[in-house]
Amino acid sequence: MENKDSQHKRENEELDTAAEQENQQYVYEDDNKDDQAVDALQDGKDEEVAEEEREQAPTSETPAQAAGGRSGSGGKAWIAVSAILAIVLIIVLIKPPFGAGDKAVATVNGVKITKDKLYDSLVDQGGKSTLDNMITQELIDQAAEDAKVTVTEADVDKEIENLKKSFGSEDEFNQTLAQYGMTVDSLRQDAEVQVKIRKILEPKVTVTDDDIKKYYDENKASMSTPEQIRASHILVATKEEAEDILKQLKAGADFATLAKEKSTDTGTKDNGGDLNFFAKGSMEPAFEDAAFALKKGELSGVVQTSYGYHIIKKTDEKAAVTPTLEEKKEDIKYQLVTQKVSELSSSWMADLKAKAKITNTLDPAAAEESPAASAEASPEASAAAGNASTNAAK
């Protein structure tokens, strides 16, 4: 049985495709715009990213099955898009400001690959979408300045905390960042854009008490926390070994010590076999039925699953909890505001571009259509706008 953090990582990786398509709380764009933004950013790298994720995904399974595994899918989609953007933006860091472009960055059998050649190749691969996104970022910054919107560290902290809530745990959130080669600091830059868009558009959004109550009534079940128990286990390969361990435990042996010595579950043995809290539907039926039937502090008999033979000890329990409307009111309001800002953001971004005067030397087609540089947004720029909204999201 691998640890639960590894399990969550595997479950999230399996949900990547679905996450990209969902209309999530943290995506300020409709599904089609979101897909276009990802396509524009990836710039032919989709297969590489997908293959890398497949190679990294753990192949082993555990008795614990998906328990709320979809909770982090929207946040994961945003982090994935942000990571791809970070890869593309490295282009602008490579070109030296003054000369030295003929300096070799690599040699092959004595033949130089120069910094200029590398830079030109990167521009061909992703320069256009990078520049489109930089233009979009500048438009957002100018709009924020016109609206006298400022973003504080506290604003960004709050945005990151709300993103974390879309994951099952902080460990899961940190694992997802690590998976995409990101840190909280790099994610904060996207959160700052998110806050700017929210503050600009939020005055145009109205959420009433009736809206909040309606959402609460329709989603009360999903907000509730089911009954949970905490248990530890010792997993071995044979029934005879399990029976011997059970005999030692009944004679007074320490459970955690035996787990460290005997358990074959490398994910939990070093923690004395601790599985943390879990709800019904998280484990194999035989394991779960035995664990939930125990009283606190009680040992099970030998329990067989597809992983081997277990001795289970129930260590704690939590009753089911249904939050009140008053307890969830602020969270619901925040979510509804986010959804409404999402609905406004697409047309707002398109209007910003339509009114702006933009020149883009990497987009000749747009220049031909708009010789006066009044910059009607190109399809690529629109996709970039979707990306900026996506990065602003969550």
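Hi everyone, this is a short walk through a few local features of the structure above. Please keep in mind that we are looking at a predicted model.

Let's begin with helix α10. This helix covers residues 184-201, which makes 18 residues.

Two packed helices are described by the angle between their axes and the distance between the axes. Helix α7, residues 115-146, has an axis that comes within 10 Å of the axis of α10, and the two cross at roughly 45°. That angle makes α7 oblique to α10, and the crossing is left-handed. Which residues make the contact? On the α7 side they are Gln 137, Ile 140, Asp 141, Ala 143 and Ala 144, while α10 brings in Val 193, Lys 196, Ile 197 and Ile 200. Sorted by class, that contact of α7 with α10 has 6 nonpolar residues, 1 polar and 2 charged.

Next, something for those of you who like backbone torsions. Most residues other than glycine have a negative phi. Asn 109 has a positive phi, near 50°, and this residue sits in the loop between β1 (104-108) and β2 (111-114). Is Asn 109 buried or exposed? Its relative accessible area is 82%, so Asn 109 is exposed. Asn 276 is also not a glycine and has a positive phi, of about 65°. Where is Asn 276 found? This one lies in strand β4, residues 274-279. With a relative accessible area of 37%, Asn 276 counts as partly exposed.

Last stop, Ile 113, which belongs to strand β2. Because its relative accessibility is 32%, Ile 113 counts as partly exposed. Leaving aside neighbours within four places in sequence, Ile 113 is in contact with Lys 103, Ala 104, Val 105, Ala 106 and Val 108.

Conventions: Residues are numbered from 1 along each chain as its sequence is written. This is a predicted model: local features need pLDDT of at least 70, side-chain atom pairs count only at pLDDT 80 or more; totals for chains, interfaces and linings use all residues. Side-chain values use heavy atoms; hydrogens and water are left out. Helices (H or I, at least four residues) and strands (E, at least two) are DSSP runs, numbered from the N terminus. The expected span of a helix is 1.5 Å times one less than its number of residues. Buried means under 20% relative accessible area, exposed over 50%, partly exposed in between (1.4 Å probe, protein chains only). Axes are lines fitted to C-alpha atoms, for helices over the stretch in contact, and angles run from 0 to 180 degrees between N-to-C directions. Angles under 35 degrees count as roughly parallel, over 145 as roughly antiparallel, 65 to 115 as roughly perpendicular and the rest as oblique. A crossing is left-handed if the near helix is turned anticlockwise from the far one by less than a right angle, and right-handed if clockwise. Contact means heavy atoms within 4.5 Å. Ala, Val, Leu, Ile, Met, Phe, Trp, Tyr, Cys and Pro count as nonpolar, Asp, Glu, Lys and Arg as charged, and the others, Gly among them, as polar.
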